[in-house]
Amino acid sequence: MVLTYSFCNVSVMPLRSEPSHGAEQMSQLLFGERATVLEVNNKDWARIACEWDGYEGWCRFSQLAVVTAKEYRKTAKYFSTGNAGKLVFENSEMWLPAGSELVRLKKGFITPVNKAGKFKGKKGVVKNVSLNGAAVKDAAMQYLHAPYQWGGRSIAGIDCSGLTQMVFKLCNKSIPRDASQQANEGTLVDFLQHANCGDLAFFDNAEGKIVHVAILLDGQTVIHATETAGRVVLDHIDPAGIISNTLKKRTHNLRFVKRIM
């Protein structure tokens with residue numbers, strides 16, 4: 001049951017498996033992303049469902065701005081398209097990573113909670129965003145060298161499926177949060193040499209479980225967030241999987257390629 005409606009009012013908000021700072025970070029919400037509040041624990045922690053992907057988890061209630069159902073239903077018309085976006089207040093600044101939704105934007109000002117800050121940075125009009133190979137590549141390259149972080153969705157730290165989800169969000173395409181869920185989307189590409197820029201390559205472990213995802217830039221190159229390299233990197237791919245350019249060895253076994261566009 002929905003208790004109330006909200007949006008994230010900080011730059012990056014951890015979403016955890018339990019109402020504790022020590023619990024696993026499952027995902028993150030970025031500024032302006034909406035969520036329904038399902039449960040509140042002692043007014044400190046809230047169990048939420050994220051509007052963008054349906055993901056559920058726990059966050060600090062204080063990092064949410066409570067809104068009416070009417071305001072919640074108003075989707076943002078603009079979003080931050082670069083990683084240098086910020087809200088400038090009288091004596092301070094607040095970083096807004098790529099993919100932040102510019103809610104409550106009026107005459108260049110945004111009100112996260114009580115104070116209005118002026119938005120400075122690159123913004124895109126949601127309805128004008130294109131989904132094509134070139135757009136996917138441009139969005140993905142913004143994250144090159146970002147550190148690997150389990151559950152991350154920003155340039156400050158991102159995981160493999162967080163990268164693919166955010167890249168497609170910057171192209172106004174919603175896909176699920178986890179690699180195993182993303183593997184159920186789109187249509188199968190029969191051979192790697194038939195892949196296009198923007199297709200997703202999925203990789204499995206010894207038990208056959210999908211454990212990794214990467215974005216194809218061409219038939220021989222992927223960009224992905226990988227724990228082995230510790231960051232977002234460009235690597236070589238062949239029909240057997242990924243060969244790390246840094247480690248000079250095979251690190252991931254290819255299961256199949258999907259076309260999401």
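The second largest pocket of this predicted model has a volume of about 420 Å³. A pocket here is an open set of points on a 1 Å grid over the protein atoms alone, with protein on both sides within 12 Å along at least five of seven lines, and its lining residues have an atom within 4 Å of a point. Grid points are joined across faces, edges and corners, and a volume is the space filled by probe spheres set on the points. Lining this pocket are 16 residues, with K74, L102, V103, R104 and L105 the closest to its centre. Sorted by class, they comprise 8 nonpolar, 2 polar and 6 charged residues. In this sorting, Ala, Val, Leu, Ile, Met, Phe, Trp, Tyr, Cys and Pro are nonpolar, Asp, Glu, Lys and Arg are charged, and the others, Gly among them, are polar.

For the largest pocket, the volume is about 530 Å³. Its lining has 25 residues, and Y148, W150, C160, V211 and H212 lie nearest the centre. Helix 3, helix 4 (179-182), strand 18, strand 19 and strand 22 (250-259) each give at least two residues to this lining; helices (H or I, at least four residues) and strands (E, at least two) are DSSP runs numbered from the N terminus. The classes are 9 nonpolar, 9 polar and 7 charged residues.

The search of the whole structure also turned up 1 cavity of 30 Å³ or more, a cavity being a set of grid points where a 1.4 Å probe fits but cannot get out. The volume of the largest cavity is about 50 Å³. Its lining consists of S27, Q28, L29, E33, R34, C50, W52, D53 and R153, and strand 3 provides the largest share, 3 residues.

One of these lining residues, E33, sits in the loop between strand 3 (25-30) and strand 4 (34-41).

In soluble globular proteins, nonpolar side chains tend to be buried together. A nonpolar core is a set of buried Ala, Val, Leu, Ile, Met, Phe, Trp, Tyr and Cys residues joined through side-chain atoms within 4.5 Å. The largest one has 29 residues, of which Y143, I158, L163, V167, L200, I215 and V232 touch the most other members. Several elements supply at least two residues each, including helix 2 (133-141), helix 3 (160-169) and strand 17 (200-204). Helix 3 gives the most, 5 residues. A second, separate core of 14 residues includes F31, V67, L96 and I110.

Turning to the strands, 4 of them make an open antiparallel sheet in the order 10-9-12-11, with strands paired if DSSP finds at least two bridges between them. Strand 10 (93-96) and strand 11 (109-110) each have a single partner strand, so one side of each is left without a neighbour in the sheet. Strand 11 and strand 12 (residues 117-120) are joined by 2 bridges, and I110 has G117 as its bridge partner in strand 12.

Residues are numbered from 1 along each chain as its sequence is written, and side-chain values use heavy atoms, without hydrogens and water. Local features need pLDDT of at least 70 and side-chain atom pairs count only at pLDDT 80 or more, while totals for chains, interfaces and linings use all residues.

Note on methods: Buried means under 20% relative accessible area, exposed over 50%, partly exposed in between (1.4 Å probe, protein chains only).
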